[in-house]
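Hi,

Here's the structure I said I'd send over. Have a look at it first, and then my notes on the interface are below.

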Amino acid sequence: MKIIALAGNPNVGKSTVFNSLTGLHQHTGNWPGKTVSNASGKFKYNNKQYKIYDLPGTYSLISHSEEEEVARDFICFSKYDLIIVVCDAVCLERNLNLVLQTLEITKKVIVCVNLMDEAKKKKINIDLKKLSNILGVPVVGTSARNKNGINELLDNLENTDFNPIEIKYDEEVEDAINILIPYLEDKVKVLNPRWVAINLINYEESLYKKITSYLNYDLLKDKIIKNQLIYIKENGNYNIVDNLVKKSEQITKEVISYENKNYKQKDLKIDKITTSKLFGIPLMIAMLMVIFWLTIKGANYPSDLLFNFFSFLEIYILKFLEFLNIPQFLIDLLISGVYKVLSWVVAVMLPPMAIFFPLFTLLEDLGFLPRIAFNLDKMFKKCRACGKQALTMCMGFGCNAVGVSGARIIDSPRERLIAILTNVFVPCNGRFPTMITLITIFFIGINGNSFLSVIILTMVILLGFLLTFLVSYFLSKTILKGVPSSFTLELPPYRKPQIGKVIIRSIFDRILFVLGRAVVVAVPAGALIWLLANLHINDISLLNHICSFLDPFGKMIGMDGVILISFILGFPANEIVIPIILMAYMSTGNLVEYESLESLRTILVNNGWTITTAICVLIFSLCHFPCSTTCLTIKKETGSYKWTLLAIIIPTLIGLLLCFLINNISNFI
Amino acid sequence: MYLCDMEIGDKAIIKKIVAKDNIKRRLLDIGLIEGTNVECVLKSPFNDPIAYLIRGAIIAIRKEDCNKIEVDLI
């Protein structure tokens, strides 16, 4: 089986090429840094088996951040048969830099110039044949989104016509390289001695360490090499990468012609508005509100339908179970415990998820997210954090665990930790519907003013943003002291979102996955709650015992024991919090006929809920411990229990404090 | 004149980069070296960062970094 790797600058469509080659569905999005770890897949073409890796995007092989290191290490030190360097046709020049760097390591390279359709739209002509002649390796033009050129790329996988150009540096660099090569040849094993020489001259610590551990030999401990290097360094100043940048510029001039020099104008016109002083930030908030409104407005009806469907189904399941002669105890457990929680998780959570997630993905596809980071960077800088944290927060809307691992796009380890520790203040796809449901059933009513719901929800989200900033600032001043580091952020061209594909993919890849997890958790949680409610000690159910134990504490922070238990049981999946609350109330005796969402409000009110309770639950669902998946991800990403614990303590403490304050203020009023 | 002093629409050539290693390499990555043409295209709502057209891509850079890059207007 042949091994292939896809390399390339961030956001050039590597994942799209990967998907069209393998038929898999890696998540794609129009912003740099989408892929943070190697994804791999297998495919067959012309009866040959291939294994292909999708490397995270990197601008050069001198890496800065962890995700770039993943790509660099693969290209430099792994075994493979072919590297496909994917380039962006719209800004080929910068992409060529990586092509040239890769060619210094291996000659087995195919250049895939992707986004040819975008270039065509912008009237940029690229002479691929000439490019192939200059580079000395196969060059294929593709528009991976429309699958154009993919067959040609497949046909070239067995092409071994590699005769890559020798990249000549300035004379003094070449002299220096030639001095070193003879001493390196017998020591660098399969690595290319010329490449090792270049990297000794252009010393970069992390890469050097990797070379040392790969060779199991410290080249600089070799006296001759060390002396030669000292001699070289004394005799000149070597700007290796400058040479490559200039070479790319020269090649680009030969292969590209622009019919319309001002091809950026249309995007810039839009950006002038989306990033303007007056409209920039209001527009972002408005966009968020529109998405919320569509979600709230759109979720009610299917929710009600699902509710009816599940109650309808319940009768038949009950009949079936009775037919099987199962003991009554077990039937109750299955129906009143497991089935009820399960059906509520689906009925209440599925519709908002199914609407919100695709809508948000569309924004992502369009290329709007980097603009948010651009607009907000100054605020992050004030908090001594990185503007790219805005991107990780956006990912958090989908799933906090994804937001946490996405923090790899942040170079500085300090700023990355800040992003990881604060990600939970963005409500994820599991908590977000919890909030919507709560607002709908408690504050507004099903047919109530949905605009008001949007306002409430937006306030909660903005509170989350505010907390993110405050906590980031606080961390930067205390345990994560430091000054903001420098960064560059690319604003990619807007691309027309592939609406149909986005909807289908987000339903199949994300929503069903998340829902599946919730269902898996809901089954034991439902059974547990039912058992607690129906096993009695001294004529009082276990649930009552526990609740009355937790009640005083819960009351202090505006909630009650049932709510606290539900949050704890919701640790593996926040989606089940509201269903568990309702179920627990119903099983403790206040039985209410529930036919629709409307009746849910009655259950809550009958159990002592006031406006204060609802606000406290809202706030607490915004700030409490991250779900188990997120905690595991934090542990994995930070490699430390200390930081994981802190990621749990910080939001929980803030949540408790806020709820305590709200409760006391409302008592006072 | 420095990169951060450019107004929207200004075009310039990079004259000198007096930045520390880390950011210098970042700038190298995006092809910003001495002699590169840049155009100032966008300012964020708080005037920082500022976005430039560099070798066909729009790149945002923070003020602290821009003011270490000398340019000549063209």
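This is a predicted model: local features need pLDDT of at least 70, side-chain atom pairs count only at pLDDT 80 or more; totals for chains, interfaces and linings use all residues.

I count 7 salt bridges between chain A and chain B.

Which elements of chain A give two or more residues to the side that touches chain B? The list is α3 (92–105), α11 (240–255), α12 (265–274), α13 (280–323), α15 (369–382) and β9 (488–491). Of these, α15(A) supplies the largest share, with 6 residues. By residue type, that side of chain A splits into 16 nonpolar, 13 polar and 16 charged.

As for the overall extent, chain A puts 45 residues into the contact and chain B puts in 34 residues. Together the two chains bury about 3600 Å², and carbon and sulfur atoms account for 58% of that.

There's also some strand pairing between the chains. β9(A) is joined by 4 bridges to strand β4 of chain B (residues 57–61), and the two run antiparallel. If you want a place to start looking, find A:L489: its bridge partner in β4(B) is B:A60.

Cheers

Terms used
Residues are numbered from 1 along each chain as its sequence is written. Chains are lettered from A and ligands numbered from 1 in the order in which they are written. Side-chain values use heavy atoms; hydrogens and water are left out. Contact means heavy atoms within 4.5 Å. Buried area is the accessible area (1.4 Å probe) that two parts lose on being put together, summed over both. A salt bridge is a side-chain nitrogen of Lys or Arg within 4 Å of a carboxyl oxygen of Asp or Glu. Ala, Val, Leu, Ile, Met, Phe, Trp, Tyr, Cys and Pro count as nonpolar, Asp, Glu, Lys and Arg as charged, and the others, Gly among them, as polar. Two strands pair if DSSP finds at least two bridges between them.
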